[in-house]
Amino acid sequence: MIDMLITPFTDFAFMRRALLGCIAISVGATPIGVFLMLRRMSLTGDAMAHAILPGAAVGFLISGLSLGAMTIGGLIAGMAVALLSGFVTRVTALKEDASMAAFYLISLAAGVLIVSMRGSSVDLLHVLFGTVLALNDDALALLCAITTITWFALAVLFRPLVLECADPQFLRSVSGLSAVTHFAFLALVVMNLVAGFQALGTLMSVGLMILPAAAARFWVQGIGPLIGVAIVVAILSSITGLLLSYHHALPSGPAIILVAGVIYAASVILGRQGSLLTRYLPRPHLHS
Amino acid sequence: MPTIVLHDLTLGYDRHPAVHHLSATIAAGSLTAVVGPNGAGKSTLLKGIMGTLPPLTGHIVRDRTRIAYLPQQAEIDRSFPIAVHELVAMGLWAGIGPFGRVTATHRDLIAKALAAVGLTGFERRSIAALSGGQLQRVLFARVLLQDAQVILLDEPFTAIDARTAADLLAIVRRWHDEGRTVVAVLHDMDTVRAQFPETMIVARELIAHGPTRLALTAANLLRARQMCESFDDAAPVCDVPAKGAAA
């Protein structure tokens with residue numbers, strides 16, 4: 001038993017690298033996911049992931065399987081969509097969901113067009129689904145750097161970000177930080193998705209951002225506890241998913257996300273707060 | 001010295017004025033009730049004074065003093081997991097900013113503010129667990145901590161029980177006694193007559209402004225009620241010349 005759990009990591013360097021990469025993503029992306037969830041922006045994560053895809057694809061077309069080019073491409077595409085949609089939301093009458101959808105769809109279409117114009121049958125599968133078992137030193141360094149930046153940025157932004165979520169009108173009435181906070185947060189979303197696609201692929205990286213946060217909501221309240229539980233869920237999912245993919249020859253990205261999905265499903269059913277269990281098997285009410 | 005001067009102010013949405021060519025001076029330290037029918041532009045006027053809604057024409061002159069604003073429908077996300085004391089502590093923003101530590105002195109101030117609105121013991125409660133009236137009291141406590149020279153309240157006593165309203169009104173009186181400028185949108189004329197020395201009646205235009213017993217007359221209220229509430233989509237461009245752009 002212990003053998004099954006430990007030896008894949010002790011015997012194979014690529015498994016250790018994969019584990020480190022996944023832990024870095026778990027620690028960096030899940031706090032972002034918690035804030036996305038609390039701001040009812042969970043689907044924004046998905047939209048941003050689609051927005052990044054064409055940027056990464058263009059980078060891939062220009063420089064091949066180059067980490068730098070794909071990362072820069074993804075960052076540019078993601079930031080452009082975040083800034084433009086944020087600008088339209090704040091300056092015009094359009095609400096955030098609609099402006100975000102508009103720009104990510106444009107970005108996605110532009111990406112597909114650029115790829116097809118080059119006429120190459122580029123293998124974009126690894127951009128879509130990631131290569132967690134083949135992370136090189138540069139990719140690992142990038143993942144860890146982005147996680148570190150995320151935590152520093154969250155430490156700096158924490159109070160305005162909480163206020164921007166809970167009572168944006170008040171934040172605007174006492175300080176000019178509202179717009180700065182919003183854009184900095186979107187930048188963190190983009191950075192973490194770019195980090196995630198190295199390992200899990202653009203579409204899968206959202207999973208490790210949102211699923212642990214959604215699962216945590218059924219167990220604890222409070223932002224700190226939510227982030228803590230979500231990180232634990234994400235790391236557990238990573239380890240379990242990697243082991244499952246190792247022992248059963250499954251693709252590792254989907255395996256990790258599906259484990260997170262199982263934890264989420266269990267939380268929906270069994271969680272302590274607002275789960276199916278509390279709804280259909282309520283405990284007796286308290287004294288007035 | 002006057003605190004807030006409104007010069008020929010027109011505020012509105014999508015070119016339709018909600019406040020139309022309004023000029024008035026709100027004196028420092030005054031306690032003013034803003035009354036008028038629904039759609040008269042009362043909330044819009046407060047947003048204009050607050051600076052969140054840029055004027056279509058005209059302008060507002062006010063000292064660069066701290067200003068606190070309690071909106072009619074606070075855009076608070078009630079499901080956000082934040083505790084009462086944390087929300088109230090944000091009233092200290094001008095002092096602590098985004099990074100400053102909440103010290104023991106601050107915690108003492110928070111406790112006093114919560115006590116003043118009758119919510120001692122609610123510190124650790126999540127805002128999701130508050131009733132509407134309790135949340136309004138929490139927001140009052142936050143305004144208390146903002147320690148602002150100008151306080152704008154938009155229908156602060158709506159949907160509040162009589163005892164709570166009396167408690168909150170006592171706080172408004174205290175602000176007045178401390179020399180702060182308070183402007184409150186109200187619908188209860190008895191409260192206005194009993195508690196507010198100054199009244200401003202608006203119905204898109206300024207109907208009356210002055211000492212309550214002179215301004216709040218039946219004739220003025222009738223004129224305010226005759227305001228047409230609906231917008232005319234085909235309204236022509238207003239040709240009232242802008243007065244004294246420089247002041």
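In which sense do strand 5 and strand 6 of chain B pair, and over how many bridges? Strand 5 (residues 67-70) and strand 6 of chain B pair in the parallel sense over four bridges; two strands count as paired if DSSP finds at least two bridges between them. Helices (H or I, at least four residues) and strands (E, at least two) are DSSP runs, numbered from the N terminus.

This is a predicted model, in which local features need pLDDT of at least 70 and side-chain atom pairs count only at pLDDT 80 or more, while totals for chains, interfaces and linings use all residues. Residues are numbered from 1 along each chain as its sequence is written, chains are lettered from A in the order in which they are written, and side-chain values use heavy atoms, without hydrogens and water.

Within strand 6 of chain B, B:L153 is the bridge partner of B:L70. Strand 6 of chain B also runs parallel to strand 7 (residues 181-185) of chain B, joined by five bridges; here B:I151 has B:V182 as its bridge partner. In a regular strand the side chains alternate between the two faces of the sheet. On one side of strand 6 of chain B lie B:V150, B:L152 and B:D154, on the other B:I151 and B:L153, and all are buried (under 20% relative accessible area, 1.4 Å probe, protein chains only).

Next comes the interface. In chain B, 23 residues are in contact (heavy atoms within 4.5 Å) with 23 residues of chain A. The rule finds two salt bridges across this interface, each a side-chain nitrogen of Lys or Arg within 4 Å of a carboxyl oxygen of Asp or Glu. B:R142 forms a salt bridge with A:D167, with the closest N and O atoms 2.7 Å apart.

Definitions and conventions: Buried means under 20% relative accessible area, exposed over 50%, partly exposed in between (1.4 Å probe, protein chains only).
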